[in-house]
Amino acid sequence: MTDLAVRTTGLTKRFGSQTVVDAIDLEVPTGSVYGFLGPNGSGKTTTIRMLLALVAPTAGEVELFGEAMPARAAAVLPAVGALVEGPAFHPYLSGRRNLHRLDAADRTADPSTARRRVDGALDRVGLLAAADKRFRAYSLGMRQRLAIAGALLTPKDLLVLDEPTNGLDPQGTREVRQLVGSLAGDGTTVLVSSHLLAEVEQMCTHLGVMHVGKLVAQGTSVELRSDGNTEATVETDSPGDAARVLAELGLTEIHTTASSATGHLGEVAPEKVVAACVHAGVSVVGFRVGRPSLEDLFVSLTGEGFDVSG
Amino acid sequence: MSVVDAPSTTVVRAPRSTLSPRFLASELRLILGRRRNQAGLLVLAAVPVFISIAVKSTLSQPGQDAPDFFRSITGNGLFVALAALTIELGLFLPLAVSVVAGDSVAGEANIGTLRYLLVTPVTRLRLLLVKYVGVVVGAFFATFVVTLVGILMGLILFGGGPMTLLSGTQISFGAGLLRVVLAAAYLALGLSALGAVGLFASTLTEQPIAAMIATIMFSSTSFVLDSIPQVAWLHPYLLTHHWLDFGDLFRDPIAWNNIVAGLVLAASYAVVFFAAAWARFTTKDVTS
């Protein structure tokens, strides 16, 4: 038994001359909630499709729970629930009938409990009242919920959720976050891809960042976000003087606004900053120490701008 | 393949049984539940109704230039079924099979449900098998709906009784009924082979309509080539070449030569095109 739910080594996919996924080594620890980040077109979805044996890698290997994919797909995938690139169901069948069809296709599922499990999954995503409506009459949010329900028909050890909150209202987004939290609490490993940083920031224990087909950063979210660039902000009437004090202390990348001075702390202890400012006669109105937001980290890794990579 | 004990990880789950009819049942419900397919069945069933009423309302024997089975309808109602099958074999029945077969894989790819079936997981071979069995059941269902409606309408309007064969001898009503059922089964097998062509076409595209058109073109081209004497060398290899030989079942004794040749040809097409579908689908990147 390995302690990695997902492991890829040198995973590569080329479509024609274009390298969409470039030698990535993904490591998703068992029991983690892994945020898989990257701009649109960075190769997240292609990677997920390779994990699930939908797309064959050009090079490299995939293991789920130590089992080689795609060779062991039939044995491992029953323990994996997946939401891949949006919901897809038969439009003229009801939500419930669609779930029954998915359950019928799963040879590891117990037919005698199908009705209970389908209704349980519908209930879990709040769709029970609309279960007998045709799928085509569902709103985008309802479709997304049905797809999540489809991934929860049997107990899963790994959930792969590709943009799970796409199309959901703030209420629905919060529910999905709570759902992921409760599943993770039960010991399910969750790999959630997203470009919505706020939602990932609140639920992930681990992060991986994709950029133009490469995995540019990976680790626990605490590690990644405290990479020696914790910021200290002094709110003051005289930001210029404060900036000078910060520079003397050894802070880097100092910038000022009309009412504050900010710099990267590096090795400097935060409490020294306040003492030094007071000592230098700078009036301190407020003081803040914070890790950079995930958005700052994301932008620093993938660059700004609106270009779709690739 | 040798059977190796699965490693003692917690996640590997064994199928509950090797043969699970649930997915096939779901597939059949899906095919038969579609409005489009139900409407198609109504059209198929309307043909024997139309034929029997048309013949009855002329109140006379069809002329001597009428096709074989038509001339016999007034003598025995069973011939309504055979006349209907003959007429529908040119377009309606192949079209029905093309629609179901062309939709089989491409339809799921088109709406995206294919990826969810595959990660459930359904192995690709199992998916193709279930889809093909669905097509075969559909071919039999369509053929037998035409046949049964034909028999019923024929018996109501023209009565049953002993059947006079094309060679002139008479057989009992029961023996005649059996031969009609055999003819329907023979045609359904030929249509099932066309279904394998459709299954293959369906793995080539994500557009079900394209696969349907390709399949119906395949059967229509076969009929056309079969009628061109200059390519006579090709005729024995055309899928549709022996279809109309089902009439040989109504000779005394039954002329089996062409029937057997037709069955061998159908089996060959089914095997070759199913294998082609598998070779194509098993290596295909599912990006829909």
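Residues are numbered from 1 along each chain as its sequence is written, and chains are lettered from A in the order in which they are written. Because the model is predicted, local features need pLDDT of at least 70 and side-chain atom pairs count only at pLDDT 80 or more, while totals for chains, interfaces and linings use all residues.

Begin by selecting residues 170–185 of chain A, which form helix H6 (helices are DSSP runs of H or I of at least four residues, and strands runs of E of at least two, numbered from the N terminus). Colour Val176(A), Leu179(A), Val180(A) and Leu183(A), which are buried, that is, with 20 or more other C-beta atoms within 10 Å of their own, whereas exposed means 12 or fewer, with C-beta atoms placed from the backbone. Looking down the axis of H6(A), you will find these buried residues within an arc of 95 degrees, taken from the directions from the axis to the C-beta atoms, so they line one face of the helix. On the other side, the exposed residues include Gln171(A), Gln178(A) and Ser182(A).

Next, show strand S4 (33–37) and helix H7 (197–203) of chain A, which are among the elements that the buried residues of H6(A) pack against.

Finally, select the contact between the chains, which takes 28 residues from chain B and 32 residues from chain A, a contact being two residues whose C-beta atoms, placed from the backbone, lie within 7 Å. On the side of chain B, the largest share, 6 residues, comes from H6(B).

Terms used:
The expected span of a helix is 1.5 Å times one less than its number of residues.
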